[in-house]
Amino acid sequence: MIISAPTEVLKHAFDSALRATAPSVCLPPALKDYARRPALVLGTGKAAASMAAAFCASWDAPTRGMVVTRYGHGLAPGEQCGGIEVVEAGHPSPDASSLAAGARLLELAASASAEADEYLICLISGGGSSLAAAPLPPITFEQKRAAANFLIRQGVDIREINCVRKHLSNLKGGRLAAAAHPTPVITFVISDVPGDEVGDIASGPTIADATTQADAIEILERYRYPQLAELGVLREPRYETPKPGTAEFASDSVHLIATASTAMDAAARYLHEQGYEVVYLGADIADEAQALAREHAQLAKKHRASGRRVAILSGGETRVVLGEGGGRGGRNTEYVAALALELDSCPGVYALAADTDGIDGAGDHAGAMALPETLRSGAQRGISLAQLLAQHDTYSYFDGVGHLLRTGPTRTNVNDFRLILCQP
């Protein structure tokens, strides 16, 4: 069915992306080659509960274990998880529940037996770095959390943040798998990081770590972390993470079951069906949000002038540098705000940017839309998008003009989705 309203095309394209990356769709095919037998299931991430439910729905054998997800991202009504406990914890900053979940995951991993007729299955998705915490002694929980939160506020690339997290954690950087060895670990992963390097997703709790303590120190020094002297563990070789090629990891296996490209491909198919020429910019863009938006606005104006129906599609994870200030919003509303200002009410251009987990930043929204009337709607209400963007308070603007996108938790997570429609 051809849908003419651009705002509906935007929403349906996003829905297509979400459906393609739902665990109920992408996990069962990855399980088909495994003979059914009892399984110990561990997991962390925003998609952990839905991954556990999808696993149990496809697994005709006893299960036990635990997965941890973000508050509000637990089981949907009617879903079952067999013997797998589902707990919820803090994100984007860990809390006491994260600490308890990390301890429980390590305890369960240590209970795995290489002699038992039982698989050890790990279900990993983005957000797991915060949701399960286990500071590496003698680092305290507060010290570890402070270092990560400092880097997040500086707009540091997620791969660098996770490098530091791994070297301050007793769980990440392959250490969860190490707690289970010699039992082989089978990991299924939904990727939320540009490049889809599995060791970066949830800080790679089951993946031997190619980064080093020296890398972590260099990152903290480059961003001038003021409490670096407290992190002496980073200079003690005995606390280095397990490395690729280590014999104990040789029997482990990893399956990447959904990525940003999975979402982009599904959206592109839908857009082609709607008669759009798709300009695909890639699924691994990690630029600063406002700069990327200005670049995309100029590209949209160019395609708008061509007289063709063009859809500009991209994914990845943009960055926002908050410094000491910052209102309410997220990287996707930040992008949409800068895009709308640069477009300056250009007729025929419509855009949506949203996080595929359904939560942009810490709000109740997935993202926002920019329409030709977005700036005019704000002016009529006496609110300035430029002023609120400068304060990183983009939520207030888009909520005021009615252009926020609210989906609730989607229970998957392949990061940002951006789409611009250029109508002739």
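Modeller: A salt bridge here is a side-chain nitrogen of Lys or Arg within 4 Å of a carboxyl oxygen of Asp or Glu. This is a predicted model, in which local features need pLDDT of at least 70 and side-chain atom pairs count only at pLDDT 80 or more, while totals for chains, interfaces and linings use all residues. Residues are numbered from 1 along each chain as its sequence is written, and side-chain values use heavy atoms, with hydrogens and water left out.

Colleague: Why is the contact of aspartate 357 with lysine 46 called a salt bridge?

Modeller: The closest N and O atoms of aspartate 357 and lysine 46 are 2.4 Å apart, and the definition asks for within 4 Å, so the pair qualifies. The two residues sit 311 residues apart in the chain.

Colleague: What makes aspartate 357 count as buried or exposed?

Modeller: Buried means under 20% relative accessible area, exposed over 50%, and partly exposed in between (1.4 Å probe, protein chains only). Aspartate 357 has 0% relative accessibility, so aspartate 357 counts as buried. Lysine 46, at 7%, is buried too.

Colleague: How many salt bridges does the structure hold?

Modeller: The structure holds 23. Among them is the bridge between aspartate 416 and arginine 331, with closest N and O atoms 2.9 Å apart.

Technical notes: Helix = DSSP H or I, 4+ residues; strand = E, 2+ residues; numbered from the N terminus.
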